[in-house]
Amino acid sequence: MNYQNVTPIQLCQAAITTSVVTLYTVPVATRTYLKDINVCNTTGSAVSINIYLVPAGGTASSANALVYSYSVAADSFFHWSGVQVLLPGQTLQVSASATGTTIMASGGEAT
């Protein structure tokens, strides 16, 4: 498969909870390019975040963390940019040490 058609998309926009939650799953016969992540902390205290790129059928752990235990200062934000290729069935999962943060991630889907 050549994956010639790339469509820019917002992968997720959500509040981050204290439980690990799946925000995006790569569709069948698709590769996803993760390009940009913004996490906003709207609280008056620092919040630690975890962002995982989990293989199909796997579980979130430090072994597949893109960001692990990163402290986002009070009333501040964290920005990641780069390129990560996610394969079919792979997921983007997140968790935080407390509520009060939001995440937005964008990239492209190639078919």
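**Figure 1. Aspartate 75 in the loop between strands E5 and E6.** Aspartate 75 occupies the loop that connects strand E5 (65–72) with strand E6 (76–86). The model shown here and in the following views is predicted. Most residues other than glycine have a negative phi. Aspartate 75, although not a glycine, has a positive phi of about 50 degrees. Its relative accessible area is 61%, so aspartate 75 is exposed.

**Figure 2. Threonine 43 in the loop between strands E3 and E4.** Threonine 43 is found in the loop between E3 and strand E4 (47–54). A polar atom of the threonine 43 side chain lies 2.8 Å from the backbone oxygen of serine 45. When neighbours within four places in sequence are left aside, threonine 43 is in contact with Ala74, Asp75, Thr99 and Gly100. Asp75 is the loop residue of Figure 1.

**Figure 3. Alanine 29 in the loop between strands E2 and E3.** The loop between strand E2 (21–25) and strand E3 (31–41) contains alanine 29. Alanine 29 has a positive phi of about 60 degrees, although it is not a glycine. With a relative accessible area of 37%, alanine 29 is partly exposed.

Figure 4. Strand E7 comprises residues 91–96 and is mostly covered, with six of its six residues buried. Thr91, Gln93 and Ser95 point one way from the strand, while Leu92, Val94 and Ala96 point the other way. E7 pairs with E2 in the antiparallel sense over four bridges, and threonine 91 of E7 is the bridge partner of threonine 25. E4 and E7 also run antiparallel and are joined by six bridges. Within E7, glutamine 93 stands opposite tyrosine 52.

**Figure 5. The two aromatic pairs of the structure****.** In one of these pairs, the ring centres of tyrosine 52 and tyrosine 68 are 6.5 Å apart and the ring planes lie at 70 degrees, so the pair is edge-to-face. This pair links distant parts of the chain, since tyrosine 52 belongs to strand E4 and tyrosine 68 to strand E5, 16 residues apart. Tyrosine 52 counts as buried, at 6% relative accessibility. Tyrosine 70 and phenylalanine 78 have ring centres 4.7 Å apart and planes at 50 degrees, so this pair is tilted. Tyrosine 70 counts as partly exposed, at 40% relative accessibility, whereas phenylalanine 78, at 10%, counts as buried.

Methods
Residues numbered from 1 in each chain as written. Predicted model: local features only at pLDDT ≥ 70, side-chain atom pairs only at ≥ 80, totals over all residues. Heavy atoms only, no water. Helix = DSSP H or I, 4+ residues; strand = E, 2+ residues; numbered from the N terminus. Buried < 20%, exposed > 50% of the residue type's maximum accessible area, 1.4 Å probe, protein only. Polar contact = N/O pair within 3.5 Å; in protein donor to acceptor, adjacent residues only side chain to side chain. Contact = heavy atoms within 4.5 Å. Pairing = 2+ DSSP bridges. Phe/Tyr/Trp six-rings, centres within 6.5 Å; stacked < 30°, edge-to-face > 60°.
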